[in-house]
Amino acid sequence: MKNLSRSFSLSLVAAGLLASGAVSAQSLAIINATLHTSSDQGVLEAASIVMTDGKITAINPTEVKADKVIDAKGQIVTPGFIASINQLGLVEVSAVAGSRDAGEDKAGIDFDVSLAYNAHSSLVPYARKGGVTRDVITPHGGDSIFSGLASVVDLSGSFDSDMQKQAALIVYLGERSKGSRAFTLQTLINKLDEHKTKAGKKAKKDDDKPSTEDKVMAKVLTGEMPLVVGVSRAADIIELIKVKEQFGINLVLNGAQDAVVVKERVAKANIPVIVSAMDSLPGSFDSLHASLDNASVLEKAGVKVLLTVGGDASHNIYQLRFDAGNAVSYGMSQEGALKAVTSNVADVFGINAGSLEVGKAADVVIWSNDPFELSSHVSKMFINGVEVSTQSRQDKLRDRYTTDSKMPRAYTNPQ
């Protein structure tokens, strides 16, 4: 009887696995679409895209075969946007200390902020409304120049959502209210030199189990992990270019309002720059060259540009597409702006998304019109090939306060 019961149980498990496999392997196709691929393919008119098991499996196949077919009727289809340098899922209300988990005074190189990520944050669906399907979340603050480790998360809103940990090491240099910027830069150089020397020595018995810091710095020194440095002043950027040359690191500049002053050097050194397209006025003596056309100037100089939302980005990721539109209005190319919020971000942080290509994650967005236009909206969104809602808390509040009812205002009649 026990054997029979065990066999029956195993049969149920096998059947369950087969059933789950059938569901996950369901295919979806979008036809008659204007595909903005954010790749070498450029823009494809009257095109089709097929997604299977969370991946893009075909672009413009001769014959479309899928379990479900959506007719885009000429609408624009883009990769899902990828936001960066924010604390989405790590903060709920900025004024409430208990809901802020992105910073720690004692944080250092090994600070993994992803441990506090809340996939059910009300800010996640609001970000999705702006076409954002993935995000590079970053720590901030702390007494050290090393804020900690960035992580990449998908915005499916699931506790089992994809998470790519240790996507970058975040550092902040530049002006200080106390002390010298020279000390902070020297701290970075000394730390790189320390771990370079350590890596060159033969491992001792006591070193069989390297610390998290050792592992992180080893990846930084080999270029496997990008070093994202928050810096603004041109003179500091020049010094960082020297650091890149000395150690061979994968350097990324964040903020970098003065990068336009040394744009040729930045381009020659092949250093990507993360900027806000809305930086229009100097916020300090370090950022005297902040301007609305900086993204355009850098693009024309051959710099790989990534666009981020400035200020309180965590609560305003939705406006990333509008910022990209402003960058276009100030001279950035339409294709460059799209790449700055998709494929460029994916390239820098090693994300298998950000473009409509076979093998990439099926993060796909159908738009009512040009995604950079104020009047357009997301028609449908897919993350890993699964359709997700774009209804946000704001939508629910609007419906609650505008629904006609016999109940008092803001309440609805249950009958």
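Predicted model: local features only at pLDDT ≥ 70, side-chain atom pairs only at ≥ 80, totals over all residues.
**Stop 1: confidence**

Start by colouring the protein chain by pLDDT. The average is 90, and 91% of the residues score at least 70. Now select residues 1–24, where the pLDDT is below 50. Beyond near neighbours in sequence, this stretch has one contact in the model.

**Stop 2: aromatic rings**

A search of the whole structure turns up four aromatic pairs. For one of them, select Phe81 and Phe372. Their ring centres are 6.2 Å apart and the planes meet at 40 degrees, so this pair is classed as tilted. Phe81 belongs to strand β6 (residues 81–86), while Phe372 sits in the loop between β14 (364–367) and β15 (378–383), so the pair ties together parts that are 291 residues apart in sequence. Are these two residues buried or exposed? Both Phe81 and Phe372 are buried.

**Stop 3: salt bridges**

Next, turn to the charged side chains, which form 15 salt bridges.

Begin with Asp112 and Lys165, whose side chains meet in a salt bridge at 3.8 Å, N to O. The pair links distant parts of the chain, 53 residues apart: Asp112 is in the loop between β6 and α2 (123–128), and Lys165 is in strand β9 (residues 163–172). Asp112 has 17% relative accessibility and counts as buried. Lys165, at 41%, counts as partly exposed.

Move on to Asp395 and Lys129, where the salt bridge is 3.0 Å, N to O. Which parts of the chain does this pair tie together? Asp395 lies in helix α11 (residues 393–402) and Lys129 in the loop between α2 and β7 (132–137), so the pair joins parts that are 266 residues apart in sequence. Asp395 counts as buried because its relative accessibility is 11%, under the 20% cut-off. Lys129 has a relative accessible area of 23% and is partly exposed.

For the last pair, pick Lys263 and Glu264, whose side chains meet in a salt bridge of 3.7 Å, N to O. Lys263 is partly exposed at 22% relative accessibility, whereas Glu264 is exposed at 53%.

**Stop 4: the nonpolar cores**

Here is some background for the final stop. In soluble globular proteins, nonpolar side chains tend to be buried together.

The largest nonpolar core in this model has 79 residues. Which of them touch the most other members? Select Leu169, Leu253 and Leu307 to see them. Then show helix α5 (residues 234–247), which gives this core its largest share, six residues.

Now centre the view on Leu253. Leaving aside residues up to four places away in sequence, Leu253 touches Val229, Val231, Ile237, Leu240, Val266, Ile271, Pro272, Val273 and Ile274.

To finish, look for another core, which lies apart from the largest one. This other core has 19 residues, and you can find it by selecting some of its members, including Ile82, Ile170, Val252 and Ala361.

Conventions
Residues numbered from 1 in each chain as written. Heavy atoms only, no water. Phe/Tyr/Trp six-rings, centres within 6.5 Å; stacked < 30°, edge-to-face > 60°. Helix = DSSP H or I, 4+ residues; strand = E, 2+ residues; numbered from the N terminus. Buried < 20%, exposed > 50% of the residue type's maximum accessible area, 1.4 Å probe, protein only. pLDDT = per-residue confidence, 0-100. Contact = heavy atoms within 4.5 Å. Salt bridge = Lys/Arg side-chain N within 4 Å of Asp/Glu carboxyl O. Core = buried A, V, L, I, M, F, W, Y, C linked by side-chain atoms within 4.5 Å.
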